[in-house]
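The exercises below are meant to be worked with the sequence and the model side by side. Try each task before reading its solution.

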Amino acid sequence: MGATGYFTHPQCMKHEMGAGHPECPERLSAIEDRLLVTGLDMALQRREAGPAALADIELAHGRMHVAALRGLSDNLRDDVAAGGPSHTALDSDTSINVHTWEAALLSAGAAIEATDAVMAGELENAFCATRPPGHHACRDKAMGFCFFNNVAIAAKHAVERHGLKRVAIVDFDVHHGNGTEDIVAGDERILMVSFFQHPFYPEGGSQSNASNLLNLPVPAYTRGMDIRELIDMMWIPRLEAHQPELIFISAGFDAHREDDMGQMGLVEQDYAWITHRIKDVALRHAKGRIVSCLEGGYSLSALGRSVEAHLRVLADV
Ligand SMILES: [Zn+2]
């Protein structure tokens, strides 16, 4: 069995969106604490991510979106130096501080480096404990706590730079990965399978008609047993038919029963079960190659325990 990478960077803790915002730096501390207290960190190959190249970001995003975020960041830095406010709001729940630009590049960079490492055979699979998250970031728009779509960028990197013919993105966040869908819809090299609470933020997702998307909207209060059945009936046959050479995971843990951001009923054992199922497909078709990127998960204790469950399966410990 190959090694499991754990990609992160201290700069990802410096991006924050204001006091009391749920997508907070403490999320990463909660994960780190859990790895330390359980000793699981000893089973992981820890790597510090480098920033993504703009050319890679632009595999998934319009040049104007990238330039606008950089411009806003430069303006904010000047404003803060002149004694102005510490944040610039992009929408009602998404804002930048002076560290956001660099953290966003590192978050995408971690996904790319993890992809390179599993493709090189240095690692069998990897988890990116980075923020900001990515799956709501559309080709030309930041939204929902997301600026660059880390998973979509890495998936495009895998097919464009590594020449893979088939990859898959599995999204188990409680929210619909609308940004990922916006970027990959119609790209038959990339199969996206997901479930999400519906109706719910960010709306949409239930009527996507691109043939490379399998969206499973589920009602609030759906429990793990129902999700497992859906996965076996719907996800697995599609993944098996696609035969992905590499599987990306948009790993959001906000469908956990204790997470108030959503109203679903998953628990740690469900995340372990889902990870097992994904890993089985990866072992059959992709030499075990999985790159998993943190998305949501806002109950700090549940997040730490759920990531532990996810990593135990990835690392086989
Ligand atoms: Zn979410």
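**Exercise 1.** In which helix is I231 found, and is I231 buried or exposed?

*Solution.* This is a predicted model, in which local features need pLDDT of at least 70, side-chain atom pairs count only at pLDDT 80 or more, and totals for chains, interfaces and linings use all residues. Residues are numbered from 1 along each chain as its sequence is written, and side-chain values use heavy atoms, with hydrogens and water left out.

Begin with the helix: I231 lies in α7 (residues 224-242), where helices are DSSP runs of H or I with at least four residues, strands are runs of E with at least two, and both are numbered from the N terminus. Next, I231 has 2% relative accessibility and therefore counts as buried (buried is under 20% relative accessible area, exposed over 50%, partly exposed in between, with a 1.4 Å probe and protein chains only).

**Exercise 2.** Find which residues I231 touches, not counting residues up to four places away in sequence.

*Solution.* Taking contact as heavy atoms within 4.5 Å, the list is F195, I236, P237, W273 and I274. For F195, the C-alpha to C-alpha distance from I231 is 8.7 Å, although 36 residues separate the two in sequence.

**Exercise 3.** Describe the two sides of α3.

*Solution.* First list the buried residues of α3, which are H65, V66, L69, S73 and L76. Seen down the axis of α3, these buried residues fall within an arc of 105°, so they line one face of the helix (the arc is that of the directions from the helix axis to the C-beta atoms). On the other side of α3, R63, M64, D78 and A81 are exposed.
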